[in-house]
Amino acid sequence: MRAFLGWLASFRLRILLRTSFLFLALVVVLMTVSVLQEEKQRSFNNYQAGLEKTKEQIVARLHHPAGQLALLNPRWDAASAAAGRPLVLPFSGIDFDDQNKVRNAIEMANCLIQYPDHGSLCVAIGNNPWAGGFIYVAGTFASEPLLAHRIGDEFLDGAHRLRVTVRLGEQTWRWIAPFETLNGAPTSVGEGLRGRFTGYLERPGRDYTGARPQREFRGWVWQRGRCLEAATDDPENCRRKSFFSLRLPIESLRAAILQPGKPAWPPADLDQYRVQVEVLPPGDGPPRFASDRPGVEPPPFALDALARLLQPGETLTLARLQDEREIPVARLAGRDEAGEMSSPLLTRLIRHLPVDTLETPVVELEDEIVTGLGSYRLRLVGDARSVDQRLSAVATRLSWFFSAMLGAIAVAWLVIEAGLIRRIARLTRRTRGLSRSVQADGRLERYELADLRGRDELGLLASGLDDLLRRVREDAGRERIRAAQEKDMWHAVGHEIMSPLQSLLALHGDPADPSHRYISRMQQAVRVLYGSASPSEAFADSQLEIASLDLAAFLRHVAENAGIADLSCTGVDAPVFVRADEFALEDVLAHLLRNAERYRAPGSPITLTLSADEHQASVSVANRGPGIAEEMLERIFEYGVSDQADAGAAGNRGQGLFVARTYMAKMGGTIVARNSADGVAFVLSLPRADFAPAR
């Protein structure tokens with residue numbers, strides 16, 4: 001009967017687990033379908049509101065001067081920028097004499113084209129023909145301090161100058177404009193320069209005798225006083241950034257304005273104008289800036305950028321209103337995701353999900369944008385049925401997550417069925433006997449699991465293994481913690497005691513001295529106490545008292561009391577103050593001097609050398625003897641690394657140099673080992689103190 005009840009309990013547990021996993025898979029499927037239905041309903045409800053917001057955002061961008069600039073120049077692109085084709089500004093003109101007004105105008109219109117090496121350029125005309133037939137040019141360039149042209153000099157190539165070329169078909173206008181200071185006043189390089197570019201019709205050769213400046217050609221330039229490169233050897237002649245603005249008189253533009261009747265503006269041939277600007281240095285050097293150089297960045301504005309605001313299936317049409325007619329300007333469509341991978345099964349499922357649809361699937365919104373050159377009609381058309389396609393594409397991308405969840409459920413069921421249930425059945429018999437043994441032994445307390453106890457495998461396993469393993473784990477954990485703490489404590493204490501004991505042993509080095517015997521016994525006792533545990537954590541957690549220390553006096557004191565023969569100290573005549581902990585630094589030098597004495601050639605000296613600069617002080621501990629292998633120069637500072645085969649038996653655990661580097665790092669210094677021609681030198685570096693302490 002008991003066997004039958006045990007079999008029934010095992011069978012009931014398997015039915016429960018399998019039913020639970022089946023129910024979990026069904027819940028995942030129903031939850032996925034419910035989420036898709038809610039997402040479709042939400043998308044349909046928000047589509048029209050989102051389309052309205054998109055329209056408002058587009059209108060706001062087009063009302064901005066940068067947007068109006070794009071409307072006035074719909075066919076302007078990177079090729080047009082590189083060729084120097086003028087733009088139509090959303091302003092009637094530019095107040096080119098005022099640097100702040102020019103900057104604000106071109107930055108607000110966003111017409112600047114960026115060039116390499118701090119160069120930029122904006123070439124444009126105003127949107128009002130009555131402002132005059134001018135082309136405005138503004139931009140920046142980098143050069144050395146501008147050299148001014150001397151008034152009365154017949155040659156213009158002795159100063160910085162602009163060369164401006166405007167082409168229209170076979171017509172060409174060329175100007176050369178040297179930099180001149182205002183009223184011939186001296187310039188101030190450190191505080192910046194301000195001057196003008198005086199335009200002359202360009203002549204062949206250098207001689208401009210009798211040439212008169214063009215009255216309508218106006219140009220200004222402002223050069224910063226700050227160098228572009230912060231670190232420079234020649235701050236007076238370093239490269240600086242300059243901003244300039246020009247007004248170019250173009251006869252063909254004036255002729256278009258003076259025609260009878262209302263002038264056509266902008267001119268029909270504006271796309272054919274080409275403007276080139278060069279900044280020439282004094283002499284025959286290469287231009288500091290040339291607008292026809294390669295590497296022009298893409299234009300900062302374009303109507304095509306509005307396409308990023310459109311969803312798949314949406315179209316945006318812009319047309320200019322003129323004499324009750326609509327002249328098409330641009331037609332943009334949302335990015336097409338039709339080619340995106342989509343599951344046919346999911347598409348059919350989403351299409352048949354019951355939701356409230358919009359009254360009409362096609363939504364059309366209109367608005368009007370008024371600029372200085374006329375009005376524009378904006379028409380935004382959207383299709384709410386695109387929601388199904390987008391949702392299907394998203395669901396297809398996320399289908400791996402749904403599949404992964406079902407796969408995880410299947411894998412979990414297989415793992416529990418094959419890896420746990422069968423193993424639990426085999427362990428049940430052993431667990432029952434183990435539980436009885438534990439409960440019969442009075443050394444372990446019983447742990448109740450009332451909610452898990454029963455006649456099935458899980459109850460027996462919980463009541464048996466939990467009673468035994470929990471107690472064993474707790475006891476073992478406490479024992480490990482206690483042993484580790486005890487070893488670390490004794491080892492850290494023992495290591496710190498060894499350094500002063502070594503110094504005492506040097507003071508009482510005579511074996512006939514009674515103190516020598518007792519100090520040796522204390523060393524042996526400390527070696528036994530700190531056993532085989534590692535003290536790295538103890539040294540890493542130690543706290544040092546950093547203060548200003550006269551390193552020269554400190555080294556003299558160490559040399560006098562080290563108890564080492566043939567130990568000399570050089571470079572300690574003048575005080576050198578550093579930031580250090582006196583006791584930690586003495587411990588470091590004690591380790592280095594012991595190593596130097598151990599490895600030096602018999603009868604050879606050990607040298608302490610102090611050197612310093614304005615930032616740090618260095619101490620070299622050098623001895624004559626065998627060098628250190630190149631691959632060991634860094635490893636010797638690691639804990640436990642020693643070249644002595646019997647280091648452990650002698651109490652040397654390969655930790656002296658590890659302690660030295662740890663203490664030096666805590667004091668903000670460094671320690672390195674270097675091989676010399678006849679020995680080895682350890683170099684300590686410490687930061688200099690800001691001032692010496694008061695005496």
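## Overview

A contact means heavy atoms within 4.5 Å. Residues 24 or more positions apart account for 68% of the contacts in the protein with a separation of 6 or more. This is a predicted model, in which local features need pLDDT of at least 70 and side-chain atom pairs count only at pLDDT 80 or more, while totals for chains, interfaces and linings use all residues. Residues are numbered from 1 along each chain as its sequence is written, and side-chain values use heavy atoms, with hydrogens and water left out.

The protein has 13 helices and 23 strands. Helices (H or I, at least four residues) and strands (E, at least two) are DSSP runs, numbered from the N terminus. Of the 695 residues of the protein, 40% count as buried. Buried means under 20% relative accessible area, exposed means over 50%, and partly exposed lies in between, with a 1.4 Å probe and protein chains only.

## Nonpolar cores

A nonpolar core is a set of buried Ala, Val, Leu, Ile, Met, Phe, Trp, Tyr and Cys residues joined through side-chain atoms within 4.5 Å. The largest such core holds 76 residues, and the members that touch the most others are I135, V137, V166, F244 and L248. Strand 4 (residues 134-143) gives the most to this core, with 6 residues. Apart from it lies another core, of 44 residues, which includes A559, L589, L610 and A617. In soluble globular proteins, nonpolar side chains tend to be buried together.

With neighbours within four places in sequence left aside, L248 is in contact with G133, F134, I135, V137, V164, V166, W175 and F217.

Two strands pair if DSSP finds at least two bridges between them. Strand 5 and strand 11 run antiparallel and are joined by 8 bridges. Within strand 11, V277 is the residue that V164 stands opposite. Strand 11 (residues 273-280) is mostly covered, with 7 of its 8 residues buried.

Strand 11 also pairs with strand 12, in the antiparallel sense, over 2 bridges. Here the bridge partner of E278 is A290 in strand 12.

The loop between strand 5 (161-168) and strand 6 (171-181) contains G169. G169 counts as exposed because its relative accessibility is 65%. G169 and Q272 are 103 residues apart along the chain, yet their C-alpha atoms are separated by 7.0 Å.

An open sheet of 4 strands has the order 14-13-16-15, with antiparallel pairing. Its edge strands are strand 14 (325-333) and strand 15 (362-371), each of which pairs on one side only. From one strand to the next, the twist averages 20°. Strand 13 and strand 16 (residues 374-383) run antiparallel and share 7 bridges. A319 stands opposite R377 in strand 16.

Helix 2 (residues 65-72) lies across strand 13, strand 14, strand 15 and strand 16. Helix 2 runs at about 95° to strand 15. For such angles, axes are lines fitted to C-alpha atoms, for helices over the stretch in contact, and the angles run from 0 to 180 degrees between N-to-C directions.

## E314

E314 is placed in the loop between strand 12 (289-290) and strand 13 (315-322). E314 counts as buried because its relative accessibility is 3%. Not counting residues up to four places away in sequence, E314 touches Y47, L51, L332, A333, G334, V381 and G382.

## Helix 12

The expected span of a helix is 1.5 Å times one less than its number of residues. Helix 12 (residues 582-599) has 18 residues, so at 1.5 Å a residue it should span 26 Å; its end C-alpha atoms are 26 Å apart, which agrees.

At the N-terminal end, D581 caps helix 12, with a side-chain oxygen 2.9 Å from the backbone nitrogen of A584.

## Positive phi at D117 and H118

Both D117 and H118 are in the loop between strand 2 and strand 3. Phi of D117 is near 60°, a positive value in a residue other than glycine. H118, also not a glycine, has a positive phi of about 65°. D117 counts as partly exposed because its relative accessibility is 41%. H118 counts as partly exposed at 40% relative accessibility.

How values were computed
Polar contact = N/O pair within 3.5 Å; in protein donor to acceptor, adjacent residues only side chain to side chain.
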